[in-house]
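Take a moment with the sequence and the fold.

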Amino acid sequence: MLSTMSMMMRPSCSSATTPLPARPIPGSYGLPLIGPLKDRLDYFWFQGPETFFRSRMATHKGTVFRTNMPPTFPFFVGVNPHVVALLDCSSFSTLFDPSLVDKRNVLVGDYMPSLAFTGNTRVVVYLDPSEPDHSRVKSFCLDLLKSSAKVWVSEFLRNLDLMLASIESDVAKNGSASFFLPLQKCIFSFLANSLVGADPSASPDVGDLGFVLLDKWLALQLLPITKVGVIPQPLEELLLHSFPFPFFLVSGAYRKLYDFVEKGGQEVIQRAEKDYGLKKEEAIHNILFVLGFNAFGGFSVFLPSLITTIGTDKTGLQEKLREEVRRVMQSRGESVMSFQAVREMELVRSTVYEVLRLKPPVPLQFGRARTDFELKSHECSYRVEKGELLCGYQPLVMRDPLVFDRPEDFLPDRFLGSAGRELLNYLFWSNGPETGTPTTANKQCAAKDYVIETACLLVAEIFNRYDEFLCDESTNVTKLVKK
């Protein structure tokens, strides 16, 4: 629970009633080419992302400073690596103020993957709310989610049942089983059926390997900005972080996915054209991005973290989750999970929130200063100039010690009670506070609530089904005991 000191400090996150001392933004970008290259090597190789930010925070004795962010030298022409880092809840929340920051084309920083990856269409994530196209495309995305609600739960549970049956069989045969690929297959199938209305199993070009096509498409866009760790350094730097990857390497895979949506998603495409004024091609590319990048990509990062965190816990959390899940289901007299049921499972929900706090699926958020303004951290104010790129690293922001008690610890009951609900104002994983609402006027994730409910469904189904569910950090299930 929150300590008295933490409760006393938390008001510093809101608008200050007394002026904060002004301070120039510390840090520098170093010499041309050399400074950005040094920071890139620190970020990917010598330090890693978290130590990269922590070490600079210690050097500058503050949570706001100048640094460089990859990608950079030698073959990223026109990409400016200069950023102002924001590492506390107060300064980071500036990224959600559309009067201060512009979000166009800064999804992953100043670097933007080739538009060829999205059919030469600036899909909704690259649009700022001030652009006319943003409102109609995000309205369509919100409608797409709303219309999927009638089958979302049933499709998720159907595909989850197939996934768990496969894992059970492999554990029985081999003593353990990786859940990652079965989970990706589950995610892709349920999202395709729910969002697009298209069944991958009915498509000879997509079939059971649709998730592999998406993985390839995602990888080539994100490799230049992602620490992989699969191949040794310096090969990773030379082969993965030195140049943007061309679209033609995945053009065939993307064409199959495009045709899949075009043939199977005729109803949602027609709605996009008729009700929101989108052209057919524009609608398909946006649907594919929502399906593949936002939904599939996000779930593929977050759900494995959720499963491994719970499956490796040794504090007695599993017993508490199991008791809550079965108590709620018994009190409702139901055997099939639903959104209504999991909304009564407070510990399940708090656990989901806590994993999102410690391991947000999108670690970095960016925004470009729309005008000159005063940026406020807990302790100081800084002058930001128009055009400067702001960069927040969420895994540190959401471990702000002036907001969260024992910020480095996994506390699954952190978000219980009135004090816990207050902390939802500082849970920023969705490109906005958990207490916020996605609208056409902001950039908050349209599927914010669906992500939480789906994660709760996953946890609840596991503990309604199994008396024991153990796994390791390598996404291997090592023990399953059915009730």
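In which sense do strand 6 and strand 7 pair, and over how many bridges? Keep in mind that this model is predicted. Strand 6 covers residues 373-376, and strand 7 covers residues 381-384. The two pair in the antiparallel sense, over four bridges. A hairpin of four residues links strand 6 to strand 7. Look at Leu-375: its bridge partner in strand 7 is Tyr-382.

Now turn to the faces of strand 6. Phe-373 and Leu-375 form the covered face. Glu-374 and Lys-376 form the uncovered face. In a regular strand, side chains alternate between the two faces of the sheet.

The largest nonpolar core has 130 residues. Leu-191, Leu-195, Leu-306 and Met-345 have the most contacts inside it. Helix 11, residues 280-311, gives this core its largest share, 16 residues. A second core stands separate, with 16 residues, including Phe-52, Phe-53, Met-69 and Tyr-393.

Stay with Met-345. Leaving aside neighbours within four places in sequence, Met-345 is in contact with Glu-324, Val-325, Val-328, Met-329, Met-337 and Ala-460.

Last, find Glu-453 in helix 17, residues 448-465. Is Glu-453 buried or exposed? Glu-453 counts as buried because its relative accessibility is 8%, and the cut-off for buried is under 20%. What does its side chain meet? Not counting residues up to four places away in sequence, Glu-453 touches Phe-339, Val-342, Arg-343 and Arg-349.

Technical notes:
Residues are numbered from 1 along each chain as its sequence is written. This is a predicted model: local features need pLDDT of at least 70, side-chain atom pairs count only at pLDDT 80 or more; totals for chains, interfaces and linings use all residues. Side-chain values use heavy atoms; hydrogens and water are left out. A nonpolar core is a set of buried Ala, Val, Leu, Ile, Met, Phe, Trp, Tyr and Cys residues joined through side-chain atoms within 4.5 Å. Buried means under 20% relative accessible area, exposed over 50%, partly exposed in between (1.4 Å probe, protein chains only). Contact means heavy atoms within 4.5 Å. Two strands pair if DSSP finds at least two bridges between them.
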